[in-house]
There are 2 protein chains.
Amino acid sequence: MDFFFNPKSVAVVGASQNPFKFGSIIVRNLLTLGYEGRIYPVNPNPEDIAGLKTYTSVAEIPEPVEVVIVAVPSSRSLQVIRDCAQKRVKGVIIISSGFKESGEEGVRLQQLMLDVARSAGIRIIGPNTTGILNPHDKFTSTFVLLREVKKGPVAFIAQTGMFAGMLMEWIFSSESFGISKVAGLGNKCDVDEADALEYLMRDEHTKAIMMYLESIVDGRRFLQAARAATRVKPVLALKSGQTPEGAAAAVSHTGSLANNDAIVSAAFKQAGIIRVDAFQELIDHAKLLAYQPLARGDRLSIVSLSGGAAVMSADAAIKAGFRLTPFPQELLDEVQRLYPPWATFRHPMDIEPLTETVGMQRAFEMTIECAFKNPATDAVLVVTWSPFPEIGFTFGFIKELQARYPGIPVAVTSIGHKEYHEDLFSHLEGMQIPVYPDFNRAIKSLAASRDYARYRGQTLTIFTRCEK
Amino acid sequence: MDFFFNPKSVAVVGASQNPFKFGSIIVRNLLTLGYEGRIYPVNPNPEDIAGLKTYTSVAEIPEPVEVVIVAVPSSRSLQVIRDCAQKRVKGVIIISSGFKESGEEGVRLQQLMLDVARSAGIRIIGPNTTGILNPHDKFTSTFVLLREVKKGPVAFIAQTGMFAGMLMEWIFSSESFGISKVAGLGNKCDVDEADALEYLMRDEHTKAIMMYLESIVDGRRFLQAARAATRVKPVLALKSGQTPEGAAAAVSHTGSLANNDAIVSAAFKQAGIIRVDAFQELIDHAKLLAYQPLARGDRLSIVSLSGGAAVMSADAAIKAGFRLTPFPQELLDEVQRLYPPWATFRHPMDIEPLTETVGMQRAFEMTIECAFKNPATDAVLVVTWSPFPEIGFTFGFIKELQARYPGIPVAVTSIGHKEYHEDLFSHLEGMQIPVYPDFNRAIKSLAASRDYARYRGQTLTIFTRCEK
């Protein structure tokens, strides 16, 4: 599979001088990324495209071609695949729509293409997809114009091309973390989610895997691949087609056959896959899992600059299956000495009174240290907001605490002024501490970390037992 | 109650030259807002504060004072209330903490103050709160430094001062809608959520009411007020202290006694209050309810620029209790004629194929019109994203459609590039069309509109029957 992510040379069939054509955008994207292999635009009307020599067919290219990206109407795809077979390319990424998702004729065409490819030993990604994005090796087949691309620890397996594009645009423009690999699979006539998982579990740049699936091609193979993958890194899945209406829409979108949703849920659970309901959750969980250690238990310590937020986040924590970390009296007493007389220091820690006596920075430092020091703490939630623009404070000390008390994940919630939130977001996420605008979301992500750690613990125990 | 929101004159006890003291921020906020009444800073060390003459006590002020804001330590508050009684002020807003929320001594002090106030006919807001913000009449008692303030259709009743500040900062810096009134109630020794509801249901500027509550003082009165309020405008409530841990935290935060959460939920439902779980939901629902007509049924029409989003939003709609609007074949046929041959036009409407033949703008216009034209449509969801920065398109035609087919709410979801999302957000929310970054959130808000309309329909039916 590695040639799909990092080919030595690539032909783009359907590149033209029209800048809105998918083929042209793909060539532009390869140039923007700085792809270091050879690029061969292919077009029946030979034109000079972005300064590159153009060929009328794949067969005509004089040098060897490792991967071919196909962005011409489905009716012309079969001939392209025949050319690829003749040229002995290793893999073909088919962007074009008009196959299995579009009815009987498309199903037939897709099968014909697959037959030609199989007999020539060619692997296919797609059709009906954006295919690959690999910022580390500067390769892509995406037809969504890439404006900015960030390398990072999160991989994404997507079924639908457009959607892979939307999520990438979102992540690259709004998130701090970057992407290791994207595999858009489309109709999945050949390469499927199990192949992608098997590849990404071994990818050294990938610390967490996000998936968007409309169908699962081969349940047994998928489960096997997922079990192997979740043994080494977290896998998050958003699976649509949950309702009959959604499943019907999926048929005409990617030609997906419906899976029984209860079975899907049970299978995900068994394989240690964390199932989510929305893109926001994929991103929320992915950054915590990629950046932070796993929560090894259910005892959450909460530090809050707002009493109201302390109340609400305690509620949210309990509802998400956490317990509030029990605090030994001597730890509380240490801080209580500094509290104003009218307030009591307790857990969840409402630190507003403490800011009145020791200031904002010290109040955060003392109470967050208190949380880390407590041997009963499995995870820490810090809730802050923008009280006065004049009072700045930094959270750099959290990294030092994490080094001193390793294995405790931390998530920060910042509510209030947008500008302040964005400053804090870049300050903290730059240090790989995830920031959320809502404590419900932070707590859900910590819960995902805890559940995954629990699964890993159980699986490892079973494995250790088997090995004895 | 009107004097609390729009007093002719106000004294601020605890104003000083230290710019970080709450009293000083309150005076600054009044000046920033452009409050048109008289402001009397009160401080035992008479200083010139922000160019205003300062008095050593309320009693010393020569003119009549309608409202007094108290921002001095709790130990000094009782004397201030006595001065207020002597001065015959109408209302006192007590910012200070250190009362019922801080233990026995505080409980006693709060009761003493209340006794003095009651016998003098003075109403109290607080203690332990930010109190009032009324952008229309340029009055506030908030101690959170106001940077920007926007007038608008949404009122907020908050229990906790800090939180009222956080949410206001968030709304004013990030949201398009503005605020009609804020009532921060704190410990609620006198004015409570029922008083606030009764006032706001009659407020002409308020189209929707958001509440954050840690406790309900008098269940019966509250229910009565809520039933009356929801008959004329939507009321959204976030009620914390749902778990024993949260309730315990609430005691030390605002001295709130726990309410049985199941009873709270049942009571809210009976009174037509929409209960939410997070601040984000308060805001999401409030803007839809304040901007858009109510969804008079459960038939949702979905137009999506992404096939994947069409699948996922169909799932989300069904799970939220919507049905997909049935489309008569002749309406589908009208559009199908323009589709490329390989794609079928069906509901949910995946319009990506149509953009290939008629362009982005026409594709949106035709399909959204199709949704409005359908007599079976109760609500419309539009899902868009940023495909190419070069292709701009406008949604102005949606307002025209809403005028032609009245009574159908619309919500838009925009996924993808941050810059594009922000452009679309200001374009659409400027026209009072709510925009969400996630279709789950848009659908939840449409569901809140539908549920509230259903409640209103049932209530009105009962009323009509009774009147006959």
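How many residues does the contact take from chain B and from chain A?

## Basis of the model

This is a predicted model, in which local features need pLDDT of at least 70, side-chain atom pairs count only at pLDDT 80 or more, and totals for chains, interfaces and linings use all residues. Residues are numbered from 1 along each chain as its sequence is written, chains are lettered from A and ligands numbered from 1 in the order in which they are written, and side-chain values use heavy atoms, with hydrogens and water left out.

## Contact between chains A and B

The contact takes 73 residues from chain B and 73 residues from chain A, where contact means heavy atoms within 4.5 Å. About 6000 Å² is buried between the two chains, and carbon and sulfur atoms give 66% of that area. Buried area here is the accessible area (1.4 Å probe) that two parts lose on being put together, summed over both.

There are 4 salt bridges between chain B and chain A, each defined as a side-chain nitrogen of Lys or Arg within 4 Å of a carboxyl oxygen of Asp or Glu. E422(A) and K418(B) meet through their side chains in a salt bridge, at 3.6 Å from N to O. On the side of chain B that touches chain A, at least two residues each come from several elements, including α2 (22–33), α11 (307–319), β16 (379–385) and α17 (439–467) of chain B. Helices (H or I, at least four residues) and strands (E, at least two) are DSSP runs, numbered from the N terminus. The largest share of that side, 9 residues, is supplied by α11(B).

L33(A) lies in helix α2 (residues 22–33) of chain A. Its relative accessibility is 16%, so L33(A) counts as buried (under 20% relative accessible area; exposed is over 50%, partly exposed in between; 1.4 Å probe, protein chains only). Leaving out residues up to four places away in sequence, L33(A) touches L133(A), K138(A), F139(A), T140(A), L146(A) and V149(A).

## Aromatic pairs

Over all chains the structure holds 22 aromatic pairs. Rings of Phe, Tyr and Trp (its six-membered ring) pair if their centres lie within 6.5 Å; planes under 30 degrees apart count as stacked, over 60 as edge-to-face and the rest as tilted. F22(A) and F143(A) form a stacked pair, 3.9 Å centre to centre with 20° between the planes. F22(A) is in helix α2 of chain A and F143(A) in the loop between β7 (139–140) and β8 (151–158), 121 residues apart.

F22(A) is partly exposed at 26% relative accessibility, whereas F143(A) is buried at 8%. F364(A), F395(A) and F397(A) form one aromatic cluster.
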